[in-house]
Amino acid sequence: MTDALSGALWLVRHGFAVFPVDHPGGDRCAGIGRGHDAAACVDRGKHPCVPFTRAHTLDEDQVRRTFGDRLRNVGVAIGAVNGPAEQQLLVVDSDRPGALEDAAGAFGSRHTPTMRVTTAKGYHDYYWAPASLHLGNGLGALRGKFDGDVRGPRGYVIGPGSVHASGIMYELVDPEQPPEPAPAWLLTALQAPAVPPSPRRPAGAPAREGGGALVGLVRAVLNARQGNRNSCLYWAACRAFEQAVQSQLDPRAVAGALVNAATHAGLTEAEARTTIASAYRSAGGPR
């Protein structure tokens, strides 16, 4: 695949919904989005040119019109892709070669070869995950053990045939290799909240209560249903910060645990941090 058009056509023929993304060869960034300053953009080649959660396509004629007469990279709308048994798509984005293999080893397993796209720094590994799982963009127990990110239904990745700002092309390692079912170790790790331990207390200091309550609030955020996630996060954060004041827990540890749970549930990190900051102020935290 030598360009975004050929990459996009391969993707839609294999069931992957695509959309146009800024190309680093253009005079200025063609990306859109709230707060995005296209004229000042220096992170070229990655910003969607359309609202990708709804403006994606599987139509080859639309692909030819979109990518055939303009300079664009191709994006894959992860949430718009379904597997052969209605599974959801999960893409693991490694920041270096071997990062996913090392993470698998850290959990006592081996990497499962699957559809893989080379990137400027590492790989995109495509997996099918059960549709019943609530997977977001959070790393769960992978945090600190994996150099990279995970992209779930609310995310996107740059597809093969695209060009990185460095000039490196995104390429399929093996066009005949489809996504494989996500291995159990990976799904287990992604569903495990990375709850920071309570701060260590000096010898002789009274025991601090509240750690158990925090775990329960994290669990509530993890289990929140779509449409109720922000309100559940706000409620949980208010209760957590109130408990933190009473039990002398570190508010930063509380916020970190809730951000991780919220991104795992499907919110973006920016959404989660905004909601948590509002709850912190409501609970009496310094402004």
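## Sheet and helix packing in a predicted model

Strands β1 and β2 (residues 73–77) pair in the antiparallel sense over four bridges; two strands count as paired if DSSP finds at least two bridges between them. Pro20 stands opposite Val74 in β2. This is a predicted model, in which local features need pLDDT of at least 70 and side-chain atom pairs count only at pLDDT 80 or more, while totals for chains, interfaces and linings use all residues. Residues are numbered from 1 along each chain as its sequence is written, and side-chain values use heavy atoms, with hydrogens and water left out.

The open sheet holds three strands in the order β1-β2-β7, with antiparallel pairing. Its edge strands, β1 (18–21) and β7 (156–158), each pair on one side only. The twist averages 35° from one strand to the next. Helices (H or I, at least four residues) and strands (E, at least two) are DSSP runs, numbered from the N terminus.

Two helices lie against β1 and β2, contact meaning heavy atoms within 4.5 Å. Angles run from 0 to 180 degrees between N-to-C directions, with axes fitted to C-alpha atoms, for helices over the stretch in contact.

| α1 | 4–13 | about 20° with β2 |

The axes of α7 (residues 251–265) and α8 (residues 269–282) come within 9 Å and cross at roughly 140°. The two helices are therefore oblique to each other, a class for angles that are not under 35 degrees (roughly parallel), over 145 (roughly antiparallel) or 65 to 115 (roughly perpendicular). Residues of α7, including Leu258 and Val259, meet residues of α8, among them Ile276 and Tyr280.
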